[in-house]
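Subject: Structure for your review

Dear colleague,

Please find below the structure that I would like to hand over to you. My findings follow it.

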Amino acid sequence: MGSSCTLRALGAILHRFTNGVSSKCPNSMALQWNGLLSRKLSSSSSISSLPSWISTHIHGSATVTRTIWTVSPLSMGRRSSKIAGRKGAQDAKKAKLYARIGKEVVSAVKKGGPSPVSNTALATVLEKAKELDVPKEILERNIKRASEKGQEAYIEKVYEVYGFGGASMVIEVLTDKINRSVAAVREVVKDCGGKMADPGSVLFKFRRARVVNIKVSDADKDQLLSIALDAGAEDVIEPPVYEDDTEEDMSESYYKIVSSAENYSTILSKLRDGGVSFETDNGSELLPISTIEVDDEALDLNKELMSKLLELDDVDAVYTDQK
């Protein structure tokens with residue numbers, strides 16, 4: 001693992017001297033409240049010419065207009081710049097979600113016992129698991145696991161990393177052995193040519209939000225935008241479009257509805273009422289406040305670093321501000 005990442009890191013350095021080509025993959029939609037949230041599409045300087053949905057509401061003497069842009073950008077990057085194996089990535093994300101909920105169940109039982117009636121912490125975790133559609137057998141297995149001899153409670157840790165091309169990463173860990181987890185993370189980062197960052201030097205570049213993922217093939221775009229506006233979503237992020245996308249590529253892409261914690265249940269309810277299939281987050285996600293555009297070599301190196309980190313059992317999620 002180390003030699004592969006090191007060779008690729010060396011390639012990135014040589015690439016900067018021989019090739020300056022970069023691939024672009026901008027986010028495609030932003031939800032705007034005029035006067036409250038002002039965001040512009042990075043893919044165009046002429047916002048007024050873009051197709052949009054507009055919803056106007058009158059509050060007292062003030063009129064509030066909310067606009068959701070529905071344009072989808074065309075990215076000219078090479079095929080390798082796409083996230084490889086989108087379906088596999090979603091399956092891995094779901095597995096990580098189940099593992100995290102299992103750890104939270106163990107920690108709650110260790111602190112207050114196996115009964116959700118008397119253990120409010122466990123009751124809270126079980127309620128969250130129900131919202132996230134975690135299978136019942138996973139919950140039962142981890143409640144039993146918590147009583148096993150030698151099983152310790154899990155502790156949350158966050159590690160920050162500098163990747164390639166100016167990109168940053170945040171690693172979320174839930175572990176019962178802190179020394180093991182930090183050693184494993186440091187080893188992967190070092191072998192892949194990244195650099196551990198001081199606490200707080202990267203985290204400020206992200207904001208925490210609730211996210212609903214909807215597969216493109218499972219949703220009617222107009223219906224999805226209408227639900228997002230009606231439910232008070234903060235943003236809707238449309239998957240990027242690449243010049244060499246096939247129908248299969250597009251069908252495995254996902255819309256993201258970004259919401260506050262307060263509106264999350266409302267959005268899920270309206271999606272269910274509309275018959276729209278969706279995948280929830282793991283309780284929350286970190287979204288970059290702004291994104292960094294990197295060249296193709298750095299993009300591939302960052303993807304490999306993130307992939308290696310996600311292979312670690314203690315790592316629950318890796319977030320990046322790479323565009």
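In what follows, two residues are said to be in contact when they have heavy atoms within 4.5 Å of each other. The model is a predicted one.

I begin with lysine 205, which lies in the loop between E7 and strand E8 (206-215). Once its neighbours within four places in sequence are set aside, lysine 205 is in contact with Ser168, Leu287, Pro288, Ile289, Ser290 and Asp321. With serine 168 there is a polar contact between the two side chains, at 3.0 Å. The C-alpha atom of lysine 205 is also 9.5 Å from that of threonine 320, although the two residues are 115 residues apart along the chain.

Four strands form an open sheet in the order E7-E5-E6-E14, and their pairing is antiparallel. Strand E7 (195-197) and strand E14 (315-320) are at the edges with a single partner strand each, so one side of each has no neighbour in the sheet. From one strand to the next, the twist averages 30°.

Strand E5 (residues 155-162) and strand E6 (residues 168-175) run antiparallel and are joined by eight bridges. Within this pair, isoleucine 155 is opposite threonine 175 of E6, and tyrosine 159 is opposite isoleucine 171 of E6. The hairpin of E5 and E6 has five residues between the strands, and glycine 165 there adopts a positive phi near 70°. On the pairing of E6 with E14, there are five bridges in the antiparallel sense; valine 170 has tyrosine 319 in E14 as its bridge partner.

How many of the residues of E6 are buried? Eight of the eight are, so E6 is largely enclosed by the rest of the structure. Ser168, Val170, Glu172 and Leu174 point one way from the strand, while Met169, Ile171, Val173 and Thr175 point the other way; all are buried. Serine 168, the polar contact partner of lysine 205, is therefore one of the buried residues of E6.

Two helices lie across strands of the sheet. Helix H5 (residues 178-191) lies across E5, E6, E7 and E14, at about 15° to E5. Helix H9 (residues 296-310) lies across E5, E6 and E14, at about 165° to E14.

The last topic is a pair of helices. Two packed helices are described by the angle between their axes and the distance between the axes. For helix H6 (residues 221-231) and helix H8 (residues 261-273), the axes come within 9 Å and cross at roughly 145°. The crossing of H6 past H8 is right-handed. On the H6 side, Leu224, Ile227, Asp230 and Ala231 take part, and they meet Asn263, Thr266, Ile267, Lys270 and Leu271 in H8. The residues of this contact comprise five nonpolar, two polar and two charged.

The buried residues of H6 are of interest here: Leu224, Leu225, Ile227, Ala228, Leu229 and Ala231 are buried. Just after H6, glycine 232 has a positive phi of about 80°.

With kind regards

Note on methods
Residues are numbered from 1 along each chain as its sequence is written. Side-chain values use heavy atoms; hydrogens and water are left out. Axes are lines fitted to C-alpha atoms, for helices over the stretch in contact, and angles run from 0 to 180 degrees between N-to-C directions. A crossing is left-handed if the near helix is turned anticlockwise from the far one by less than a right angle, and right-handed if clockwise. Ala, Val, Leu, Ile, Met, Phe, Trp, Tyr, Cys and Pro count as nonpolar, Asp, Glu, Lys and Arg as charged, and the others, Gly among them, as polar. Two strands pair if DSSP finds at least two bridges between them. Buried means under 20% relative accessible area, exposed over 50%, partly exposed in between (1.4 Å probe, protein chains only). A polar contact is a pair of N or O atoms within 3.5 Å; within protein, one must be able to donate a hydrogen and the other to accept it, and residues adjacent in sequence count only if both atoms are side-chain atoms.
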